[in-house]
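User: I have this structure open next to my notes. Could you walk me through its strands, charged pairs and rings?

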Amino acid sequence: MEYFAGIEAGGTKFKCIIANDPSTIIAEETFQTVVPELTLPRVVEFIKDTSSNKGIQIKAAGLSCFGPVDLDPHSPTYGNITTTPKLKWRNYPILNFFKNNLEVPVAFETDVNGAALGEGKWGAAKGISDFVYITVGTGIGGGVIHNHKPLFGMTHPEIGHMKIQSHPDDSFPGNCPYHTTCLEGLANAPALAARWNIDPATLPDDHPAWEFEAYYLGQAIHNLILVCSPKRIILGGGVLNRHGLIEKVRIEAIRILNGYISTSYLDRIDEYIVPPLLGDRAGALGAIAMLTKSSN
Ligand code: ZN
């Protein structure tokens with residue numbers, strides 16, 4: 001069997017899995033995201049130690065990375081993290097670090113594209129050619145998969161920063177430093193905390209916070225349906241662990257679409273807007289999915 005290293009480089013932690021697929025995981029480890037000089041050598045050491053302890057060869061590695069990142073293979077800064085607020089990681093050539101230190105081919109994607117590819121290969125969008133994966137947590141990100149591949153043009157899409165309308169009863173000014181009231185600025189976890197001046201985890205399930213949240217995510221899904229025409233939308237991230245929220249989002253999305261799109265997909269909204277299946281392994285497994293030949 002061939003083994004691969006899947007690395008999810010997240011803003012708070014790195015997750016690394018050695019496997020061929022989700023049923024063949026032989027090692028798995030998580031490392032805190034501190035600074036590159038501390039965190040990255042630990043990841044390399046884990047991969048090399050696993051390889052020697054288990055007597056296997058790692059054929060290639062995949063990296064799903066927090067960003068923004070430079071995904072343009074023709075760019076001189078391809079494989080760099082770019083404008084992150086984490087200063088020690090800004091402009092860091094993370095792809096080259098792993099290429100130089102692992103001495104195997106390394107595939108590179110955004111963290112959300114990685115998670116989307118994992119869900120597309122083994123999870124909630126298995127076998128589906130065109131879908132969108134959205135994660136709502138400290139930030140809001142998403143991957144648009146078209147014909148089994150992440151959409152990439154000028155750069156990768158930034159779903160979290162689409163402009164949406166504030167709820168008529170919401171006076172929160174938004175917290176995105178670039179756009180104030182974009183989706184992320186209105187609906188990420190820090191926006192919830194700032195709007196209600198409380199840790200969102202302590203809000204009850206019937207708090208108006210979740211009506212606002214569903215209103216914002218419903219608008220985002222409306223826009224994504226009209227622009228990208230996905231066959232499924234996966235909605236994950238820490239905020240979506242809230243009991244009943246995904247049901248509220250489904251209702252809002254249908255209400256906002258207002259009958260404009262008529263398809264059997266939307267008639268089965270419970271199968272159209274769905275939670276992820278791979279949990280916190282999606283990004284690292286997705287990094288492995290980038291390396292295996294068939295993408296569906
Ligand atoms: Zn924004």
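**Strands, charged pairs and rings**

Analyst: Strand β5 is mostly covered, since five of its five residues are buried, where buried means under 20% relative accessible area, exposed over 50% and partly exposed in between, with a 1.4 Å probe and protein chains only. Helices (H or I, at least four residues) and strands (E, at least two) are DSSP runs numbered from the N terminus. This is a predicted model, in which local features need pLDDT of at least 70 and side-chain atom pairs count only at pLDDT 80 or more, while totals for chains, interfaces and linings use all residues. Residues are numbered from 1 along each chain as its sequence is written, and side-chain values use heavy atoms, with hydrogens and water left out.

User: Which way do β4 and β5 pair, and over how many bridges?

Analyst: They pair in the parallel sense over five bridges, and two strands count as paired if DSSP finds at least two bridges between them. S64 stands opposite E109 in β5. Together, β4, α2 and β5 make a right-handed β-α-β unit, right-handed meaning that, with the strands pointing away from the viewer, the path from the first strand over the helix to the second runs clockwise.

User: And β9, which strands does it pair with?

Analyst: Strand β6 (residues 131-136) runs parallel to β9 and is joined to it by four bridges, with I134 opposite L235. β9 also pairs in the parallel sense with strand β10 (residues 273-274) over two bridges, and there I233 stands opposite I273.

User: Where do the β9 side chains point?

Analyst: I233 and L235 point one way from β9, I234 and G236 point the other way, and all are buried.

User: Switching to charges, how many salt bridges are there?

Analyst: A search of the whole structure finds eight, a salt bridge being a side-chain nitrogen of Lys or Arg within 4 Å of a carboxyl oxygen of Asp or Glu. One of them joins E2 and K59, with the closest N and O atoms 3.6 Å apart. E2 lies in the segment before β1 (3-9) and K59 in strand β4, so this pair ties together parts that are 57 residues apart in sequence.

User: What about E28, what is its partner?

Analyst: E28 forms a salt bridge with R281, the closest N and O atoms being 2.7 Å apart. Because E28 lies in strand β3 (residues 27-32) and R281 in the loop between β10 and α10 (282-289), the pair ties together parts that are 253 residues apart in sequence. E28 is partly exposed at 27% relative accessible area, and R281 is partly exposed at 33%.

User: Now the rings, how many aromatic pairs does the model have?

Analyst: The count comes to nine, by the rule that rings of Phe, Tyr and Trp (its six-membered ring) pair if their centres lie within 6.5 Å, with planes under 30 degrees apart counted as stacked, over 60 as edge-to-face and the rest as tilted. The rings of Y78 and F108 have centres 6.1 Å apart and planes at 90°, so that pair is edge-to-face.

User: Is F108 buried or exposed?

Analyst: F108 is buried, with a relative accessible area of 6%, whereas Y78, at 24% relative accessibility, counts as partly exposed.

User: Which aromatic residues form a cluster?

Analyst: F14, F66, W89 and Y92 form one aromatic cluster. W89 counts as buried at 1% relative accessibility, and Y92 also counts as buried, at 18%.
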